[in-house]
Amino acid sequence: MAARRCSASVVLLFLCGLSVFVAANEQNTTPTGGYRAAEADSPRTPAEAAGHPAAEDGRWEATEVGDAAPADAEPDERDASRPGTTVPQPKDDFQEELVIRPLHSGDIYASFQFRTLWETDFMKGNKVSHYRLFPKSVGQVISKFSVRELHISFTQGYWRTMQWGQPFLPSPPGAELWVWFQDTVTDVDGMWKELTNVLSGIFCASLNFIDSTNTVQPSASFKPLGIDNVTDHRFLRYATLPREIVCTENLTPWKKLLPCGSKAGLSVLLKSEKLFHSSFHSQAVHIRPVCQDSECKTTSWELRQTLNVVFDLHTSGQGKREWSLFKMFSRTLTEACPLASSSKIYIDITDNPEGELFELTPATPLLSQAVLMGDRRTFSVYDLTQQITFGTMRSLNLLIRWKSSEGHMLRPLLHAERYVAGYGLQAGEIHTLMYNNHPYRSFPVLLLDSVPWYLRLYVHTLTVTSKGKDNKPSYIHYQPSKDRERPHLLEMLIQLPPNCVTEVTVQFERALLKWTEYTPDPNHGFYVGSSVVSSLVPSIVAMDTNSSLERPLFSNFFPCKEESSYFVRIYTEPLLVNLPTPDFSMPYNVICLTCTVVAVGYGSLYNLLTRSFQIEEPSPGLAKRLANIIRKMRGVQPL
Amino acid sequence: MGLLSDPNRRQALISLLTRLNAPICVVCYMAGVAWFMGLAFEPFTLRTYMSENAMGSTMVEERFPAGERALATGREFASQKNKVDGMPVDWLVKAMQARGLEVFTQRFTRTLPFPDENNERYMVKGTNVYGILRAPRAPRTEALVLSAPCSPGDNNNQAVGLLLGLAQYFRNQIFWAKDIIFLVNEHDLIGMQAWLEGYHHTNTTGMDWSPLQGRGGSIQAALSLELSSDVITSLDLVLEGLNGQLPNLDLANLFYAFCQKIGVLCTIQGKLPRNDWDSVSGYSHAVQTMMLMVMKQASGRPWGDHGLFLRYHIEAATLKGINSFRQHKTDTTTIGRLLEGMYRKLNNLLERLHQSYFFYLMPSLSHFVSIGYYMPAFGLLAVILLLRALDLWVQLVTPAAPTEDGVVDVEQQSGSGVLSVLTPLVISHLTGTALYMLPIRFQEMAVEHFPVSETEAVVLTAIAVYTAGLALPHNTHRFVSGEATEQGWRVLKLVAVLYLAVLLGCTALINFSLGFILALTLVPVAAFITPHVPKVLSAFVLVVLSPACTLLFSVFFFQELQEMPVSFQDGWLLYLSVISQGILDHFLYGSLVYPLIALMVYPCWLLFWNILFWK
């Protein structure tokens, strides 16, 4: 028991970095002072004059000042360009951002980030009724259900880490929802049930299928990302719906949460006919309380909406390796969202410093660097609040033309996959493979597996092996399932040795369901949600630990505690498992047959059991009977 | 039921059954055979129809344009194959990568239990190359497989070319909902076995393979392509898989529907469809087609690369391009369009193929016989065994002769009866075990002492053990019970008959064809054999109807059906190679026919041999 507690505390220590936005982060740890704290609504002066687009030739100076901060090219006259700022409601702020990363395979990855910050308090009993940028439907959900943090994602497709690298924000196929409730909530399960139903309405999704059979309370894998050090996982609920299909009907309500809707700014690009003509589509909403400044004196609520999409080179029709905003989204940009304090496009040109890989037009003078996933990336920045960005055409259509064509597999430092082994409908084995491709560093990962009850895990068969040797997890949290009530939850802290594959296997038995429990398409199989692998991966370059810095939105989602490592969460494939299925076209035949068998079998058995067998008197002959009748009539004794 | 509860009427029924036992048995046997032959008669069969709604119509616009380019790729593949003298792994990897697939390889090695002289291989070492087309916005839960074997010589180059051509074309389409795995397997079935075992991480046959790096979730359906000429006259559909398993009939229906739509001549068992079912030749054509299917299914071996998929509940079939001298030719583009249509339909599947039949026989591609129609044929044969058992039981329980003394005597007899039944059972099963174990174990010893190769050694040892079994057990019971009694052989025969009934019943449920063929030969033996029949003649009949001879006749019959009759000399060689193949199939792929024959059917037959020589 003591060992268990000890290991648990190790885990908590290890994950502490993820859990808290550290308030007292000393300024002197950061290398340069050329940044400003992100006080959301104080009119920002440009950090350095060099960052201003006027300084055309100051390309690298602009970025070297802030080691991790982007070129801070906020115009002084920002307020003037914003209508409606005359209303004295200064406490909210909206930023929008599009990151485009050309991938080696020739595909292209576009990630939208929209952030609404609002300095308000939904909790302390005060009724918030006046909404400006922050969507009212979300605000009401936060206050009604005492939500501390809410993360919801809808994903169609599987992120191909081997070809695309790590995404800015990972998400599993289907729908994922995890919520931290306030510690004042007494009936968490009731709240959770109500909340899923409300969200199901807001996002037009089947989140109402979340019930106790697919909800778990992870003890370590999902820590609050906002300012909070609550780690009591009684207030956490996590559920995935791997079967959820994401389509236009989910996109529309998601877009409605944006201050500009789909009318202006980057969101005009979000046209469903193109977004769903892609290899991967993921949209998410993250709500959390964040610090306003480095001292964390004031907090505000952050609503972050992200949309990630990967366009496929081959299915885009033309054989040319060429991408443009118009080709991707069938729209070009003409203006920023007037409500946005910042509106930028970043193009990842790290692999293309001299323009030998692809050609980017129109060229931009602005460059930015960000430390991302343990790697220093360089970005070309297009600031949509500047008229000059749109050029003489009054519209911006970025064009990326590949010069060379090479598509090779990547070797991401951490990579995981999962499959079901075995054949037949009785038993099986779940294999989870985790690849640590780091040449010499080992690092720990937290594996979270939530398996539905109808796969009965044999936990005694759980093995963790790396390089053929047994690898003992330092922390195991296992919650057995209860039939029709709750799923299995298995969380393990495993040390991945460098440069090898760690394999986790566990055998299971397939349960026979009651006949009403089968889905309408039982032969399709049953889904098992993705496993979640969370890890602190050793970083090549020093990570930026100051969370309150002004950084591109895509690079500052997961708070970072240590300089030497960065947080990665990856999801494995969901599994499709066939269960033993009766032939549902047969019920009529079966009913007829069984009824007949029962009737005949029971009838004859009953007959044999209850009938008393007697030797029958041979019946008298006809003549004798006639004679007897006559004798009876005569009143004489019968023969 | 009143019939049975009334002792008089029960007695009457039983006496009727025992009195008319022999005629009823003969009638049943005739009726069974006649029923079976009637299955091929078209008015008695059902037309095939698509049961799966998701594949309901063939309304797909096939646009595959690049048949010529596929052939050019095939030629390039052939030259690369000749250059490296084997599987051109690097070239294939590059070719697949250039088509936008995720490419992986798998190495495997397998040492056969003894050299396979038909395919000239012993230590097999090879590489499978497969590329996965990732479906857009799909979570890697479902996959389809298209495979082509990399065969030695000039075979199947066109299949690989077409596979790559289709990969390129499929990659540019947006509508895929399932990943598509394009697999080129080396050493045909062995490579396929390695790949499937790797994919499902099982090891049933002790093969060495490197683990797979990429997967696509649960495989829903698979097609294997064999194509060795630029143009073909017809496409042949092969369904029979390991242990007589068949894919869902809807897969055959799908193939047939698209052949009809696109206008490709399609065959099954290499037999063209005919319309003249009412003529004698038309009927015999249907019978031949069905008998070929029965023979192939009974053999229990995979008749194409698809056969191994069926174990994993993956519906699979092999398409063989046949080029004969007919006028009507089909080019590669058309085959490509056919495959495109089939894959688009399979892609539409919402559930695994399960709507249609898994147990069927096909007298032609457009007609099928379902399990409900063919099982009575077997049932009529099996009922003979039950009738004989009833007859024996009645003879045993009723004091047959007034010379029987009393209860005590009967009990004594039954005490020794158990022993006299058990001994032959044990001995015959030990002989069966020897037949199963010895050929592989003693091959080295045999090679040392006799001038034979390993393969011959195995086959000849098997035949030797089989023949030795005939001499062994029939003398044993005398040592045990001292004297052979009437009662003794009746009990033994009762046990043997019931054993055979259960054995054949179970076999027929799994593999109807094997069960039926065994029943055809073994049931008459079981029915008529007693110690009182003429010894020499009966022994001859018994040997002729033994499993080994059944196999020999089947070989000749199969050749006859394929219209490739062989002389006795060639037939004998073929017979020997069939035995070695059967043993190899068991050790390489897990076919169950050899252990079934060796461990169950042969001992059962030995029991009847024992009864014949009871005195």
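This note sets out points on a predicted model of chains A and B.

1. Basis of the note. In this predicted model, local features need pLDDT of at least 70 and side-chain atom pairs count only at pLDDT 80 or more, while totals for chains, interfaces and linings use all residues. Residues are numbered from 1 along each chain as its sequence is written, chains are lettered from A and ligands numbered from 1 in the order in which they are written, and side-chain values use heavy atoms, with hydrogens and water left out.

2. Extent of the contact between the chains. Chain B contributes 36 residues and chain A contributes 39 residues to the contact, where contact means heavy atoms within 4.5 Å. Together the two chains bury about 3,200 Å², of which 56% is on carbon and sulfur atoms. Buried area is the accessible area (1.4 Å probe) that two parts lose on being put together, summed over both.

3. Two salt bridges are counted between chain B and chain A; a salt bridge is a side-chain nitrogen of Lys or Arg within 4 Å of a carboxyl oxygen of Asp or Glu. Arg171(B) forms a salt bridge with Asp312(A), with 2.9 Å between the closest N and O atoms.

4. The side of chain B that touches chain A. Strand 2 (102–116), helix 7 (188–200) and strand 7 (218–226) of chain B are the elements that give two or more residues to this side. Strand 2 of chain B gives the most, with three residues. Helices (H or I, at least four residues) and strands (E, at least two) are DSSP runs, numbered from the N terminus. The residues of this side divide into 12 nonpolar, 13 polar and 11 charged. Here Ala, Val, Leu, Ile, Met, Phe, Trp, Tyr, Cys and Pro count as nonpolar, Asp, Glu, Lys and Arg as charged, and the others, Gly among them, as polar.

5. An unreviewed UniProt entry annotates several stretches of chain B as "transmembrane region", including residues 371–390 and 418–438. UniProt positions are given in the numbering used here, feature names are shortened, and annotations may be inferred rather than shown by experiment. In the model, residues 371–390 of chain B are 100% helix and 0% strand, with end C-alpha atoms 27 Å apart. Residues 418–438 of chain B are likewise 100% helix and 0% strand, and their end C-alpha atoms are 29 Å apart.

6. A buried glutamine. Gln443(B) is in helix 13 (residues 443–449) of chain B. Gln443(B) counts as buried because its relative accessibility is 9%; buried means under 20% relative accessible area, exposed over 50%, and partly exposed in between (1.4 Å probe, protein chains only). Leaving aside residues up to four places away in sequence, Gln443(B) touches Pro113(B), Phe114(B), Glu454(B), Ala457(B) and Val458(B).

7. Exposed loop residues. Asp85(B) lies in the loop between helix 4 (67–84) and helix 5 (89–98) of chain B. Its phi is near 55°, a positive value in a residue other than glycine, and at 70% relative accessibility Asp85(B) counts as exposed. Lys467(A), in the loop between strand 18 (455–466) and strand 19 (469–470) of chain A, also has a positive phi, near 55°. Lys467(A) counts as exposed at 56% relative accessibility.

8. A cis peptide bond. Thr361(A) and Pro362(A) are joined by a cis peptide bond, with omega about -10°. Pro362(A) lies in the loop between strand 11 (358–361) and strand 12 (366–372) of chain A.
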